[in-house]
Amino acid sequence: MRFQAPRGTHDVLPGVSFQWRFVEKKFREVCRRFGYGEIRTPTFEDTGLLLRGIGESSEIVVDKQMYTFDDPGGDSLTLRPEGTAPTVRAFLEHSLYAQGPITKVCYVGPIFRYERPQSGRLREHHQCGIELFGATDPAADAEVIQLGVTYLRSLGITGEEIHLNSVGCPLCRPAYLQRLRDFITPSLDRMCGNCKRRYEVNPLRILDCKVEECRKASAEAPPILEALCEECGDHFRGCRDTLDLYGIEYVLDSRLVRGLDYYTKTAFEFLHAGLGAQSAVLSGGRYDGLVEECGGSGTPGVGFGSGVERLLLAMEAENRTTPQPESLTAFVITLGEAARKVGLTVLNELRAGGVAADIDYAGRSMKAQMKEANRTGAKYAVILGEDEVNQGVVTLKNLRTSEQESVQRQEVCATILTSQSGDRGVNNEPGDS
Ligand SMILES: [Zn+2]
Ligand SMILES: [Zn+2]
């Protein structure tokens with residue numbers, strides 16, 4: 001019986017995990033530069049929180065994408081299907097708002113959604129996200145977008161296209177939704193089942209339906225930007241002015257809406273051609289109603305989420321590969337029982353001294369040990385035979401140049417460390433500086 005990883009999940013193996021570390025590390029660096037502290041919330045939350053926070057009419061809930069289960073104690077729990085509601089819950093539970101008017105947090109973690117297998121989407125994916133609480137200032141929206149751009153640049157990604165829209169507020173949206181319904185009504189019969197349902201619960205989402213017939217029907221729909229109230233209009237202008245100030249280019253996109261109910265005003269997506277048509281590498285917006293919806297007092301918020309898997313695809317599409325770090329610096333090779341004993345001592349000293357080192361555990365011949373040393377990518381082979389043991393030395397072979405020298409046993413660690421600091425960065429993670 002052989003088992004496989006559940007459908008829609010994947011393993012990150014040692015040969016690629018360094019790329020993941022790179023992507024996450026750059027994210028934390030950029031967040032620190034912008035003043036965001038990292039928050040880690042549980043992998044599962046109270047189902048009630050997510051139903052409130054995401055909205056019962058959102059696709060996540062309607063399409064039954066949530067991994068919801070009763071635990072043995074009878075509590076209904078759900079694996080986190082997005083990052084914002086859990087962050088809002090923590091923000092309220094720990095009164096983070098009491099520390100000052102503005103709270104900025106970032107997070108990295110897995111997200112779970114029961115996607116249809118044919119969609120090619122993952123059921124567990126990993127997300128980097130930020131949330132900025134407490135600011136109505138449109139410069140905050142611009143900062144969130146600017147942080148996103150800065151982050152992509154830090155990964156070497158330059159091919160994104162930023163789409164920007166405003167989805168209005170509870171003051172101006174209802175009237176717009178009515179106009180939109182009126183416009184759609186004559187074509188409703190020809191539209192897909194999803195849109196027929198959206199027509200009732202969330203007609204805004206009809207605008208981003210990918211079905212050809214639906215796109216045709218909504219092609220000439222009145223744009224929401226022309227229906228914004230004064231406050232939303234001013235806010236949107238403020239955000240655009242700040243983006244101009246930062247030299248960030250964007251495309252106005254009246255079809256850009258968000259899947260979740262709690263978004264207000266600014267909405268944005270960073271599309272990337274490397275992910276296929278209309279696929280976002282990063283997306284977010286403002287959610288001024290969410291904190292109140294989750295039981296807090298009215299606190300505005302704005303943020304984004306970005307899938308690690310998608311960032312890696314975008315990097316690949318732009319040929320941005322990170323150099324693989326050397327996994328080992330030294331491999332200890334021994335011949336005979338006496339040498340083996342000394343070899344284990346040397347191995348112990350190397351590791352204690354901070355040198356990444358390994359030894360054979362498969363009882364292989366000296367030749368096979370040498371082969372293994374080369375396979376691991378180690379820079380040095382530390383060779384111990386009978387002669388070396390008798391003379392209290394080791395043969396230190398540089399596997400890059402094939403040069404070898406005899407080194408006093410006590411000096412092995414220091415010799416390797418000195419030569420390492422000579423070729424700077426060799427054993428560093430990519431991006432270390
Ligand atoms: Zn408005
Ligand atoms: Zn449709």
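Student: In which sense do strand β6 and strand β11 pair, parallel or antiparallel?
Tutor: In this predicted model, β6 covers residues 124–133 and β11 covers residues 301–307. Ile-130 stands opposite Phe-304 in β11. The two strands are joined over 7 bridges, and the sense of the pairing is antiparallel.

Student: Which strands are the edge strands of the open sheet of 8 strands?
Tutor: The order of this open sheet is β1-β5-β6-β11-β10-β9-β7-β8, and its pairing is mixed. An edge strand here pairs on one side only. The edge strands are β1 (37–38) and β8 (251–252).

Student: Why is strand β9 largely enclosed by the rest of the structure?
Tutor: A residue is buried if 20 or more other C-beta atoms lie within 10 Å of its own. Strand β9 spans residues 264–272, and it is largely enclosed because the buried residues number 9 of the 9.

Student: Over how many bridges does β9 pair with strand β10?
Tutor: On one side, β9 pairs with strand β7 (residues 160–166) in the antiparallel sense over 7 bridges, and Glu-160 has His-272 as its bridge partner in β9. With β10 (residues 280–286) the sense is also antiparallel. There, Ala-267 has Gly-285 in β10 as its bridge partner. The pairing of β9 with β10 runs over 6 bridges.

Student: How far apart do the C-alpha centres of domain 1 and domain 2 lie?
Tutor: Domain 1 consists of 14–172 + 228–317, and domain 2 of 330–422. The C-alpha atoms of the chain fill a box of roughly 95 × 55 × 45 Å along the principal axes. The centres of the two domains are 49 Å apart.

Student: What radius of gyration does the chain have?
Tutor: The chain has 433 residues, of which 37% count as buried. For a compact globule of 433 residues the radius of gyration would be near 22 Å, but the chain has 28 Å.

Conventions: Residues numbered from 1 in each chain as written. Chains lettered and ligands numbered in written order. Predicted model: local features only at pLDDT ≥ 70, side-chain atom pairs only at ≥ 80, totals over all residues. Domains from an automatic or database assignment. Pairing = 2+ DSSP bridges. Helix = DSSP H or I, 4+ residues; strand = E, 2+ residues; numbered from the N terminus. Rg over C-alpha atoms; globule rule 2.2 N^0.38 Å. Buried ≥ 20, exposed ≤ 12 C-beta atoms within 10 Å, placed from the backbone.
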